[in-house]
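Visitor: I have just started learning about protein structures. Could you walk me through this one?

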Amino acid sequence: MNLEGNELQRPLCAVVLFGGMSSEHEVSRVSAGTFVTHIDREKYELLTVGITKEGRWLYTEATPAQMADGSWEELPGNMPCVLSPDRADHGMILFTPSGQVEKLHVDVVIPALHGLWGEDGTVQGLLELAGIPYVGCGVLASAACMDKAVANALFAQYGIPHCAWASYTRHQLKADSEGICARLEQQLGYPIFVKPANAGSSVGVSRAENRDELNGAIDLALAHDQKLVFESAVDGQEGECAVIGSEPSAVSTRPGEILAGAEFYTYDDKYKNGVSQVVIPARLSEEKLDEVKELARKAYTALGCEGLARCDFFVERGTGRVLINEINTLPGFTPISMYPKLMEKEGLALPALIDRLIALALERAVALHG
Ligand SMILES: Nc1ncnc2c1ncn2[C@@H]1O[C@H](COP(=O)(O)OP(=O)(O)O)[C@@H](O)[C@H]1O
Ligand SMILES: [Mg+2]
């Protein structure tokens, strides 16, 4: 693929996917608006495809405001569409109101989707089959980072420090809840964080101080997943690094810091109240900032991330230990999101950042498929 040649011939057709069937559907609609607003229109022809909470794919010409408030779903011009896995199509099939089908060649896809069925390798798998370049991590890294139990096991394997943790399935918890709770109390000690293995945006996450709260936290988390992750609570600062690129040239920014408005960084705190604050760089010594940055790059590379990801850490009060929390392979791109803020601070404003992410997607496709 000759990018320079393409630039001269025609703008590349980029498709932003938004919405999706996860608990982060609403956040994704706002993230997608950032791509729509800031992509370089001279270079890219941009199309948008919304995925409803029920999983219907609709080609839409909605504005970012209509995407954000949800009214996009009802627009009369929307057309059902599918992304064809057939490499000869290399794009979308639209079902027009007159009952015809229309093929649409797509050069690159930006999956602005968060959580299950978007950030977890499923959409990435479809795009691999289709042979269409896409922004972000491949199937394996997406899936591994989505599942907190798998990610934690890999962190351990690759020597990336993490707090004490355990994982149990619904089946195990139903069979011996008392025994497991007793073991968790002994192994982790209160407070214990309880999380669905596969979720995001703090949905289903809670902090338990005693057995009663632990049981409540398990019930809540089980409403979101079949597998749970338990972690000893880290008392410390919460930092996030933006990583871009692919091995061997992945680079991380220094961390920004989250000052949570609530007891921890909850969904409402992230997106609704506007109480949490972001400090860039994090309030850490120069050496600590560099240590976190280096660990972010190491974790990103260890889990096979490509394109972009946000690596989240705790820096423990007192000991100064840096512990990884998680890697988000499709981090938020809302106006208050950390990833674009960190990148901008280091000189990559949104239009250039999006351009770079697309260039990485195209380079990856060339490396994989020629
Ligand atoms: N082990 C932990 N110690 C302290 N705080 C935690 C721990 N795990 C999670 N948290 C808090 O809960 C928030 C959400 O948990 P996280 O694992 O990041 O899930 P999500 O994928 O939903 O963002 C974190 O941003 C942090 O504030
Ligand atoms: Mg998180």
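Here is a friendly tour in questions and answers.

Visitor: What kind of model is this, and how are its parts numbered?

Guide: Residues are numbered from 1 along each chain as its sequence is written, while chains are lettered from A and ligands numbered from 1 in the order in which they are written. Side-chain values use heavy atoms, without hydrogens and water, and local features need pLDDT of at least 70, side-chain atom pairs count only at pLDDT 80 or more, and totals for chains, interfaces and linings use all residues, since this is a predicted model.

Visitor: Which domains does the assignment give for the protein chain?

Guide: Domain bounds come from an automatic or database domain assignment. For this chain, that assignment gives domain 1 (3-135), domain 2 (145-161 + 234-329) and domain 3 (165-232).

Visitor: What distance separates the centres of domain 2 and domain 3?

Guide: Domain 2 puts 16 residues into the contact between the two, and domain 3 puts in 19 residues; contact means heavy atoms within 4.5 Å. Taken over C-alpha atoms, the centres of domain 2 and domain 3 are separated by 22 Å.

Visitor: How do the side chains of strand β7 point, and which residue of β7 does Leu17 stand opposite?

Guide: Helices (H or I, at least four residues) and strands (E, at least two) are DSSP runs, numbered from the N terminus. Val108 and Ile110 point one way from β7 (residues 108-111), Val109 and Pro111 point the other way, and all are buried. Two strands pair if DSSP finds at least two bridges between them, and β7 pairs with β1 (residues 12-19) in the parallel sense over 4 bridges. In β7, the residue opposite Leu17 is Pro111.

Visitor: Is His25 buried or exposed?

Guide: His25 lies in helix α2. It touches Gly19, Gly20, Ile51, Thr52 and Lys53, not counting residues up to four places away in sequence. Because its relative accessibility is 1%, His25 counts as buried.

Visitor: How far is the backbone oxygen of Trp72 from a polar atom of the side chain of Asn78?

Guide: Asn78 sits in the loop between α3 (64-69) and β4 (79-83), and at 12% relative accessibility it counts as buried. A polar contact is a pair of N or O atoms within 3.5 Å; within protein, one must be able to donate a hydrogen and the other to accept it, and residues adjacent in sequence count only if both atoms are side-chain atoms. A polar side-chain atom of Asn78 lies 3.3 Å from the backbone oxygen of Glu73. For the backbone oxygen of Trp72, the distance is 2.7 Å.

Visitor: Which residues are closest to ligand 1?

Guide: A polar side-chain atom of Glu231 is 3.0 Å from a nitrogen atom of ligand 1, and a backbone N or O atom of Val234 is 2.8 Å from a nitrogen atom of the ligand. An oxygen atom of ligand 1 lies 2.9 Å from a side-chain N or O atom of Asn325. In total 18 residues surround ligand 1 (a residue is near a molecule if one of its heavy atoms lies within 4 Å of it), and the closest are Lys148, Lys195, Ser202, Val234 and Glu238.

Definitions and conventions. Buried means under 20% relative accessible area, exposed over 50%, partly exposed in between (1.4 Å probe, protein chains only).
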